[in-house]
Amino acid sequence: MSLKPRISRSAEGGAIYWRLSNLYFWFFALLGALLPYWSLYLQGRGFSYLEIASLMATIQITKVVAPSLWGWLGDRTGQRVRLVRLGAVVGAISFLGVFLEPAFFGLMLVMLVFTFFWNAILPLYEVITLRGLGSDKSRYGRVRLWGSVGFIATVAAVGAVLDRVSVAQLPWLVLPVFLGIVVSAFLIPSDQGVVRKEEGAGSLRGILVQPAVIAFFLMNFLLQISHGAYYTFFSIHLEQYGYSKAAIGLLWSLGVLAEIGLFIVMHGLFARFSYRQIALCALALTLLRWVLIAEATDWLWVLLFSQLLHAASYGAMHALSVQYIHGYFGRGHHGQGQALYSGLTFGAGGAIGAWASGFLVEGYGTDVAFWGSAIAIAFALIVTWRWLRPPPGQGSIVQSAD
């Protein structure tokens, strides 16, 4: 049974809406505990910049394999809810290995295991949410924004605590968030999902070889390479300029707060502008953001403005990408489309970006790493301008978003 009638037409829709929002809250709350502070935790344990980059890259590298495998299982079996629950439980148990304080390769193994299961959750859950919303997909932003709320709440809380206790205590602050993911996974309605029907062996391949689809993935791949320095070294960069951990947390929170505002108004942007127009504008603002961080971190007002541009570099691009995949991959390959988006862009692109930034920081410093991010975005702009097109039969993304 599909969730669609229950979400969009029944009196139970409101309750299920909050159940859907709940897992987004906890999933991104975990990101809020890890992304801003995990590199500081690793630095506190004495790892080098290249080791920090390699360990942070494991958060992204498992996205190359895990979402595709779990997305394929979800499409084949329709048991996406059960797979989400499995990922939540095993990911939480695996994280306990961090408390053994293993050396570099041991910690890498622990991180590979827990992120393999944790990263399986989101692509599966995106499909659950979009199908649950039915024809009212414009509500996706309102459901997804609770992930941003969770991120902000955790970033602010953890930053405030870490100004009072050692960063070595970070794993203890992360553990309750994992438990929140587990509980919220078991609050998802357990209806049977849609099993993918066989559509011919070449149908997925036919989608992937289209120039516009290749351009879409290349654009996002370069976008995530550019985020490597941000997700890996932004907190270390700020600490080098004298910002406290509480201030670092607030700056991360400001970026996600801007993202929330973007999600609220995104449907209005869909109605006025084409996918290509929004993508080009968002990428141009992202390039500006990396240049400002590279050159003006010591000017607080400029740094505040650059964090507001997170609405473009992540919020706009992610919301557009989710709708773009829905328009091109349809119901038959939706799960695999989301998995490829996660794996090829956030996974491969994020990992390469983290490693590349590690080499740049080790050799030249964090400022140069953000200039590398700007160069990656310049190439993304060229790809988008030259080759990106909307799904067939759609003059803009508006129609696929409705």
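Start with contacts across the whole chain. Contact means heavy atoms within 4.5 Å. Of the contacts in the chain with a separation of 6 or more, 85% are between residues 24 or more positions apart. This is a predicted model: local features need pLDDT of at least 70, side-chain atom pairs count only at pLDDT 80 or more, and totals for chains, interfaces and linings use all residues. Residues are numbered from 1 along each chain as its sequence is written, and side-chain values use heavy atoms, with hydrogens and water left out.

**Cartoon view**

Switch to cartoon. The secondary structure comes to 19 helices and zero strands. Helices (H or I, at least four residues) and strands (E, at least two) are DSSP runs, numbered from the N terminus. Now think about burial. Buried means under 20% relative accessible area, exposed over 50%, and partly exposed in between, with a 1.4 Å probe and protein chains only. The chain has 402 residues, and buried residues make up 59% of them.

**Stop 1**

Select Val-158. It lies in helix H8, which spans residues 140–162. Val-158 counts as buried because its relative accessibility is 5%. Beyond its neighbours within four places in sequence, Val-158 is in contact with Ala-33, Tyr-37, Leu-170 and Leu-173.

Next, select Val-177 in helix H9 (residues 170–185). Is Val-177 buried or exposed? Its relative accessible area is 7%, so Val-177 is buried. Show Trp-26, Ala-29 and Leu-30: Val-177 touches these, not counting residues up to four places away in sequence.

**Stop 2: Glu-101**

Go to the loop between helix H5 (80–95) and helix H6 (104–118), where Glu-101 is found. Glu-101 counts as exposed because its relative accessibility is 52%. Check its backbone too. Glu-101 is not a glycine, although its phi is positive, at about 50 degrees.

**Stop 3**

Select Asn-220 in helix H11 (residues 211–226). With a relative accessible area of 1%, Asn-220 is buried. Leaving aside its neighbours within four places in sequence, Asn-220 is in contact with Met-317, Ser-321, Tyr-341 and Thr-345.

Now jump to His-318, in helix H16 (residues 310–329). Asn-220 and His-318 are 98 residues apart along the chain, and their C-alpha atoms are separated by 9.1 Å. His-318 is buried as well, since its relative accessibility is 4%. Which residues does His-318 contact, leaving aside its neighbours within four places in sequence? They are Glu-126, Tyr-140, Arg-144, Tyr-341 and Phe-346. Tyr-341 is among the contacts of Asn-220 and of His-318.

**Stop 4: Gly-353**

Move to helix H17 and pick Gly-353. Gly-353 is buried, with a relative accessible area of 2%. Not counting residues up to four places away in sequence, Gly-353 touches Ile-225, Gly-228 and Ala-229.

**Stop 5**

Show H13 and helix H15 (residues 300–308). Their axes come within 7 Å and cross at roughly 40 degrees. That makes H13 oblique to H15. Axes are lines fitted to C-alpha atoms, for helices over the stretch in contact, and angles run from 0 to 180 degrees between N-to-C directions. Angles under 35 degrees count as roughly parallel, over 145 as roughly antiparallel, 65 to 115 as roughly perpendicular and the rest as oblique.

Select the residues that meet. From H13, take Leu-251, Trp-252, Leu-254, Gly-255 and Ala-258; from H15, take Leu-303, Leu-304, Gln-307 and Leu-308. This contact divides into seven nonpolar, two polar and no charged residues. Ala, Val, Leu, Ile, Met, Phe, Trp, Tyr, Cys and Pro count as nonpolar, Asp, Glu, Lys and Arg as charged, and the others, Gly among them, as polar.
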